[in-house]
Amino acid sequence: MAGVRAGLLRAMGRQVLLLLALCATGARGLYFHIGETEKRCFIEEIPDETMVIGNYRTQMWDKQKEVFLPSTPGLGMHVEVKDPDGKVVLSRQYGSEGRFTFTSHTPGDHQICLHSNSTRMALFAGGKLRVHLDIQVGEHANNYPEIAAKDKLTELQLRARQLLDQVEQIQKEQDYQRYREERFRLTSESTNQRVLWWSIAQTVILILTGIWQMRHLKSFFEAKKLV
């Protein structure tokens with residue numbers, strides 16, 4: 001019986017660790033292709049007071065070799081970030097390879113847009129560009145080796161710092177989910193009220209239409225002296 005109980009506890013412990021790992025995931029890497037005047041935007045759900053770091057590098061399509069090669073230093077990328085209210089959080093010109101950082105102050109969907117200054121470069125005019133983008137959210141944006149060197153932390157202290165940051169990020173994610181649930185509840189209540197009032201309005205219109213039809217028919221029959 002004790003062995004079975006111990007096995008169940010170990011299984012539950014693994015599930016809890018897996019859940020924490022899934023909740024703490026905050027890094028997203030991808031690459032995409034854009035043309036010389038094309039803008040590509042991404043939507044990122046971010047809790048409030050959360051740091052976000054984006055790293056990118058660009059490759060230019062070589063028509064002769066038919067491969068993507070590292071971009072020339074003259075190529076630049078413009079990064080623009082808007083919060084859920086449409087307010088511009090970041091708008092800046094970077095090089096062909098760079099890193100942008102911002103901190104969210106409003107929970108919700110943040111729009112991250114990138115486009116090149118390719119119209120200024122004759123070599124890239126009409127060409128294609130591959131952009132590798134890696135977005136890190138929350139504690140994943142922290143450079144822990146740099147923090148350990150700066151604060152002179154031991155390995156145990158650094159691990160404790162990472163765990164505390166993960167717990168803080170999970171708390172922010174939970175607060176954000178509660179915020180979303182509250183907004184969804186308010187939207188549902190507002191929709192239900194509108195449906196109720198619309199149903200009442202339809203009923204009143206049908207009753208008034210019926211009364212008008214009855215009075216109209218009565219006047220018609222009286223005019224024809226049928227009643």
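Trainee: What do the side chains of Arg 180 and Glu 45 do?

Mentor: Please keep in mind that this is a predicted model. In it, Arg 180 and Glu 45 form a salt bridge through their side chains, with N to O at 3.2 Å.

Trainee: Where in the chain does each partner of that pair lie?

Mentor: Arg 180 belongs to helix 3 and Glu 45 to strand 2. The two residues are 135 residues apart, and the pair links distant parts of the chain.

Trainee: Why can two such side chains pair at all?

Mentor: Side chains that carry opposite charges can pair when their charged atoms come close.

Trainee: And how accessible are Arg 180 and Glu 45?

Mentor: Arg 180 has 37% relative accessibility, so it counts as partly exposed. Glu 45 is also at 37% and therefore counts as partly exposed.

Trainee: How many salt bridges are there by this rule?

Mentor: The count comes to five. One of them joins Arg 178 to Asp 175, where the closest N and O atoms are 2.3 Å apart.

Trainee: How far along helix 3 are Arg 178 and Asp 175 from each other?

Mentor: They are three residues apart in helix 3, so about one helical turn separates them. Arg 178 has a relative accessible area of 46% and is partly exposed. Asp 175, with 35%, is partly exposed.

Trainee: Which residue does Arg 185 bridge to?

Mentor: Arg 185 forms a salt bridge with Glu 182, and their closest N and O atoms are 2.5 Å apart. Both residues lie in helix 3, three residues apart, which is about one turn of the helix. Arg 185 is partly exposed at a relative accessible area of 37%, and Glu 182 is partly exposed at 36%. Salt bridges with shared partners bring Glu 182, Arg 185 and Glu 189 into one network.

Trainee: Let us change topic to the cysteines. How many disulfides are counted?

Mentor: The count is one disulfide. It joins Cys 41 to Cys 113, with an S to S distance of 2.0 Å. Cys 41 sits in strand 2 (residues 40-46) and Cys 113 in strand 8 (residues 108-116), so this pair, 72 residues apart, links distant parts of the chain.

Trainee: Is that disulfide right-handed or left-handed, and why?

Mentor: The torsion about the S-S bond of Cys 41 and Cys 113 is about 110°, so the disulfide is right-handed.

Trainee: Is Cys 113 buried or exposed?

Mentor: Cys 113 is buried, because its relative accessible area is 3% and buried means under 20%. Cys 41, at 34% relative accessibility, counts as partly exposed.

Trainee: What about Arg 130, then? Is it buried or exposed?

Mentor: Arg 130 is buried, with a relative accessible area of 19%. This residue is found in strand 9 (residues 129-137).

Trainee: Which residues is Arg 130 in contact with?

Mentor: Leaving aside neighbours within four places in sequence, the contacts of Arg 130 include Tyr 31, Phe 32, His 33, Arg 57 and Phe 68. Arg 130 and Ile 34 are 96 residues apart in sequence, while their C-alpha atoms are 6.6 Å apart in space.

Trainee: Which residues form the nonpolar patch on the surface?

Mentor: The patch is formed by Leu 196, Trp 197, Ile 200, Val 204, Ile 207, Leu 208 and Ile 211, which together have about 710 Å² of accessible area. One of these, Ile 207, lies in helix 3 (residues 155-223). Ile 207 has 48% relative accessibility and so counts as partly exposed.

Trainee: Which feature does UniProt place at residues 195-214?

Mentor: The unreviewed UniProt entry places a "transmembrane region" there. In the model, residues 195-214 are 100% helix and 0% strand, with the end C-alpha atoms 29 Å apart.

Definitions and conventions: Residues are numbered from 1 along each chain as its sequence is written. This is a predicted model: local features need pLDDT of at least 70, side-chain atom pairs count only at pLDDT 80 or more; totals for chains, interfaces and linings use all residues. Side-chain values use heavy atoms; hydrogens and water are left out. Patches are made of residues with over 30% relative accessible area and no salt bridge: like charges are joined within 9 Å, nonpolar side chains (Val, Leu, Ile, Met, Phe, Trp, Tyr) within 5 Å. Accessible areas come from the Shrake-Rupley method with a 1.4 Å probe; for residues, only the protein chains shown count as cover. A salt bridge is a side-chain nitrogen of Lys or Arg within 4 Å of a carboxyl oxygen of Asp or Glu. Helices (H or I, at least four residues) and strands (E, at least two) are DSSP runs, numbered from the N terminus. Buried means under 20% relative accessible area, exposed over 50%, partly exposed in between (1.4 Å probe, protein chains only). A disulfide is a pair of cysteine sulfur atoms within 2.5 Å. UniProt positions are given in the numbering used here, feature names are shortened, and annotations may be inferred rather than shown by experiment. Contact means heavy atoms within 4.5 Å.
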